[in-house]
Amino acid sequence: MSSVALRPFIEYHNGQLMVEGQSVQDLAHAHGTPLFIYSKAAMLQALAAYQRGFAGRDAQICYAMKANSSLAILQTFVRAGCGLDIVSGGELERALAAGAEPRKIIFSGVGKTRAEMRRALDVGIGCFNVESRAELEVLNDVARGMGQRAPVSIRVNPDVDAKTHPYISTGLKGNKFGIAHEDAVATYRFAASCQGLRVVGIDCHIGSQITEMAPYLDAMDRILDLVTAIEAAGVPIQHIDFGGGLGIDYQGDTPPAADALWAALLAKLDARGFGQRKLMIEPGRSLVGNAGICLTEVLYLKPGEQKNFLIVDAAMNDLPRPAMYQAHHGIVPVVPRAGATTLWDVVGPVCESGDWLGRDRDLNVEPGDLLAVLSAGAYCMSMASNYNTRGRAAEVLVDGQTAHLIRERENVSDQMRMERLL
């Protein structure tokens, strides 16, 4: 019914799109549009590939919650045994609300504040992934003031090209993340000398939406070289954190399966004598990206001489990736129509020329039809905004024959609640 490849647990049945056992059309009628729908089974299936890859190893999977921080999704991964990777104080509070054990929370990010550090230390955070010497100095001061020693892992920038979009590449010298590779040993010596710090690991994260094994293998070699050098300098490393970044299929992309990727990485780890080390990883997009769709209603058809515009009720505030990264998402009809298709640019109501969801899509649609934007589980709802005073969408988590409303639709009163007139 569509030339676009669908996703696990998202398929057509009896002429309409289904998520697990639920009619997408019925969910739209019940909750309105735009509407995000997620498959719990798809998320757990993606997680299972990592769990298979690490079978028999001392490893901790920490879901990178910036990909999608909705509480029920965090709860799903926590109940499945995951820790969480956070990048702000707000994410820490979400992690705790979702039931995460503090010792399984990793605090990443380049700009942690003193207040965020104090709160994380107060709850017993598992580890800070520190990104600069200046941050080490501040964290040391904060921890000493609290009579504690902060567990730290230093993020090292291995200068490896992840071959991805420049906005989501994080492992090159020109990126803002991490300590330069050549400064790592000296930085570890400094951290080990600080009374308020306790060195526990080393961290590396080279980017996002990576679809090849080679960058991971290159980064692993560079990090293992550093572990050898750091320990030779007298600073023991308890765990090695290889970050996340594994891509998903947006448009015929062919990233390695998580278990296949880790089979190759672990073979290298074993060959170099590090196979017994504790491992940490922080997958995000690869766990949730293809588990979600965004439903949107067709409002108007606007044919033109140069372009045909298909105007829908979802917009760049709901799905920011196309506007930010020129990203591709598959777009399919919820109930396909027979007959000839037309080439459309699928655009939203926001007053920006950059408000588009898909370019040049072959569709046969009429006003009132529903479309599903695929691969919308990651970096959509978590990056959504209220631009043009648009409320954020509702969210539904499907678990077999049950559909849970996990976020109510935001209204204008919700948005203005914290504002005051003069």
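Predicted model: local features only at pLDDT ≥ 70, side-chain atom pairs only at ≥ 80, totals over all residues.
Local features need pLDDT of at least 70 and side-chain atom pairs count only at pLDDT 80 or more, while totals for chains, interfaces and linings use all residues. Residues are numbered from 1 along each chain as its sequence is written, and side-chain values use heavy atoms, with hydrogens and water left out.

View 1. Let us start with α2, which covers residues 40-53; helices here are DSSP runs (H or I, at least four residues), strands are runs of E with at least two, and both are numbered from the N terminus. The 14 residues of α2 reach 20 Å from the first C-alpha to the last, close to the 20 Å expected at 1.5 Å a residue (1.5 Å times one less than the number of residues). Its buried residues (under 20% relative accessible area with a 1.4 Å probe, protein chains only) are A42, M43, A46, L47, A49, Y50 and G53. Seen down the axis of α2, they fall within an arc of 140 degrees, so they line one face of the helix; the arc is taken from the directions from the axis to the C-beta atoms.

**View 2. E131 and its partner R155.** Look for E131 in the loop between β8 (127-130) and α6 (133-145). E131 is buried, at a relative accessible area of 4%. Its side chain makes a polar contact with that of R155, at 3.1 Å (N or O atoms within 3.5 Å, one able to donate a hydrogen and the other to accept it; residues adjacent in sequence count only if both atoms are side-chain atoms). Beyond four places in sequence, E131 is in contact (heavy atoms within 4.5 Å) with G109, V110, R155, F177, G178 and I179.

**View 3. P283 beside A64.** The loop between β13 (278-281) and α10 (285-288) holds P283, which is buried with a relative accessible area of 1%. P283 and A64 are 219 residues apart in sequence, yet 5.6 Å apart in space, C-alpha to C-alpha. Leaving out residues up to four places away in sequence, P283 touches Y50, I61, C62, Y63, A64, G243 and G244.

**View 4. The largest cavity.** The structure holds two cavities of 30 Å³ or more, and the largest has a volume of about 70 Å³. A cavity is a set of points on a 1 Å grid over the protein atoms alone where a 1.4 Å probe fits but cannot get out, and lining residues have an atom within 4 Å of a point. Points are joined across faces, edges and corners, and the volume is the space filled by probe spheres set on them. The lining of the largest cavity consists of C204, H205, I206, Y216, A219, F242, G244, W262 and L265. Two or more of these residues come from each of α8 (214-232) and α9 (258-271).

Terms used:
Buried < 20%, exposed > 50% of the residue type's maximum accessible area, 1.4 Å probe, protein only. 1 Å grid on protein atoms, 1.4 Å probe; cavity = no way out; pocket = protein on both sides within 12 Å on 5 of 7 lines; lining within 4 Å.
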